[in-house]
Amino acid sequence: MLPVKQFVEFIEQQKLFGKSDKVLAALSGGMDSVLMVHLLKTAGFNFGIAHCNFQLRGPESTGDEVFCRQLAAQLDVPFHLVHFNTAEEASRRKISVQMAARELRYQWFEDIRYSGGYHAIALAHHQNDTIETILLNLTRGTGIAGLHGILPKSGHLVRPLLFLSRDEIQKLIADNNVGWVEDSSNTSVKYARNKLRLEVIPALKELNPGLEKTFEDNLQNFRELEILLEEKLQELHSSILTNNGGEIQIAISEIKKLKPQRLLLFKLLQPYGFNETTVDDVLASLDKHSGRRFESSSHQLVLDREKLILTQKASGEQGAVTIHSTDHSVVYGNYKLTLLHDDSALIVKDNPLSVSVDADKVQFPLTVRSWQQSDFFYPFGMKVRKKLSDFFINQKVPLHVKADIPLLINGNEEIIWAAGHRLDNRYRVTENTKKVIIFELFKI
């Protein structure tokens with residue numbers, strides 16, 4: 001007799017789907033998914049079956065397809081089928097066959113769910129699958145999220161068999177004389193999950209025959225700890241992370257108050273692509289000189305005196321832009337630079353984004369580019385040259401901002417203007433100036 005009552009109770013307790021919801025059941029032909037569709041049918045749920053033929057096991061794959069099609073007809077439910085050239089897809093994308101099969105499978109399930117009007121996708125994971133997942137995560141390295149195992153519900157994915165162990169499923173299949181097909185690849189220990197299933201978990205069960213129950217109890221604790229951590233992180237997000245003109249700032253004094261410091265800072269920075277090693281480097285640098293930069297694939301973190309500044313990295317390094325004498329404006333990154341020729345010695349005042357330059361000293365073509373380590377200029381009002389990097393430090397320009405400042409370069413390769421900051425003294429308007437070029441910078 002099938003455990004229909006426990007099955008329905010688990011679905012209701014976990015709020016997986018309702019009686020009136022339409023469910024797409026993933027069926028491989030193995031005993032787990034076969035038991036699941038029989039339970040769905042006996043319990044009276046409205047469902048359809050989806051089967052993927054990955055074309056990896058020759059006649060065996062064809063046999064699985066035939067079995068699943070016949071079972072769908074026997075249960076009188078809709079049947080969805082797809083054929084994947086999995087090996088070719090894995091080779092093309094340079095990923096493992098297992099990874100290619102997983103991604104193809106889940107994307108197709110979602111396509112069918114959407115086009116077929118299904119509310120949920122039912123997968124036949126059970127308690128032992130959760131144990132295997134946790135052990136894999138621990139072996140490869142994981143945080144708290146990796147310890148909660150396979151969740152009963154994740155988006156549209158639901159797992160209504162998580163109340164059963166593998167031994168219980170095998171007994172139910174045998175007692176009810178339910179037919180199923182065996183995947184021969186399940187007996188190969190070249191796959192990590194199979195090695196755990198066939199060698200590691202049996203050894204652990206010798207030490208603890210009630211392994212599944214022990215893990216289930218631990219999982220509940222881990223899930224509640226994860227909820228507690230998430231609530232703490234939400235509190236920290238609103239209290240110590242401040243958004244200032246597109247950049248996120250975190251006061252170093254607040255970081256020093258965090259307990260546990262490493263875990264909380266890592267979880268705050270993890271959504272921006274930073275790993276634990278980088279967080280260790282950040283913590284080791286908090287009391288050192290400012291200017292240190294730390295990067296992830298998508299963001300950069302700059303140590304700037306009393307705070308950390310987090311910004312998104314540009315999509316690509318901005319190349320230099322050429323300005324010809326006939327140009328009226330050019331675009332450089334997120335900026336627009338305009339030129340206005342004036343036959344007078346007009347001086348622009350009180351606007352740091354606009355500057356008057358002695359036209360007779362300008363040699364076209366000009367260039368707009370970012371700063372370089374060797375750059376120097378003569379800051380307006382000074383007769384001695386200064387390294388641009390030192391000027392930026394004295395002006396307390398953050399490192400991540402410095403890289404974004406457009407430099408206007410003369411045809412003789414001298415800096416005319418660190419745009420928005422300081423004109424080079426050699427290009428200032430003097431009593432001998434007859435005409436000027438007015439440059440103005442706009443953020444776009």
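**Ground rules**

I note that this is a predicted model, where local features need pLDDT of at least 70 and side-chain atom pairs count only at pLDDT 80 or more, while totals for chains, interfaces and linings use all residues. I count residues from 1 along each chain as its sequence is written, and side-chain values use heavy atoms, with hydrogens and water left out.

**Entry 1: Arg57 and Asp183**

I looked up Arg57 and found it in a salt bridge with Asp183, with 3.3 Å between the closest N and O atoms. The two residues sit 126 residues apart and link distant parts of the chain: Arg57 is in the loop between strand E2 (46–53) and helix H3 (59–75), and Asp183 is in the loop between helix H7 (166–175) and helix H8 (192–207). My helices (H or I, at least four residues) and strands (E, at least two) are DSSP runs, numbered from the N terminus.

My cut-offs are under 20% relative accessible area for buried, over 50% for exposed, and partly exposed in between (1.4 Å probe, protein chains only).

I also saw that a network of salt bridges links Arg57, Glu60, Asp64 and Asp183.

**Entry 2: Arg197 and Glu132**

Next I checked Arg197, which forms a salt bridge with Glu132; their closest N and O atoms are 3.2 Å apart. Here helix H8 holds Arg197 and helix H6 (residues 127–140) holds Glu132, so this pair also links distant parts of the chain, 65 residues apart. Both Arg197 and Glu132 are buried.

**Entry 3: Lys443 and Asp404**

Lys443 pairs with Asp404 in a salt bridge, at 3.8 Å between the closest N and O atoms. I found Lys443 in strand E22 (residues 436–443) and Asp404 in the loop between helix H14 (399–402) and strand E19 (407–409), 39 residues apart. Lys443 is exposed, because its relative accessibility is 54%. Asp404, at 33%, is partly exposed.

How many cavities of 30 Å³ or more does the whole structure hold? My search found 2. A cavity is a set of points on a 1 Å grid over the protein atoms alone where a 1.4 Å probe fits but cannot get out, and lining residues have an atom within 4 Å of a point. Grid points are joined across faces, edges and corners, and the volume is the space filled by probe spheres set on the points.

The largest cavity holds about 40 Å³. Its lining includes Tyr332, Trp417 and Leu441, and the lining residues divide into 9 nonpolar, no polar and no charged. I count Ala, Val, Leu, Ile, Met, Phe, Trp, Tyr, Cys and Pro as nonpolar, Asp, Glu, Lys and Arg as charged, and the others, Gly among them, as polar.

The second largest cavity has about 30 Å³ of space. Among the residues lining this cavity are Gln127, Glu212 and Phe215. Helix H9 (211–240) and H6 each supply at least two lining residues, and H9 gives the largest share, 4 residues. I sorted this lining into 3 nonpolar, 2 polar and 2 charged.

Key:
A salt bridge is a side-chain nitrogen of Lys or Arg within 4 Å of a carboxyl oxygen of Asp or Glu. On a 1 Å grid over the protein atoms alone, a cavity is a set of points where a 1.4 Å probe fits but cannot get out, and a pocket is an open set with protein on both sides within 12 Å along at least five of seven lines; lining residues have an atom within 4 Å of a point.
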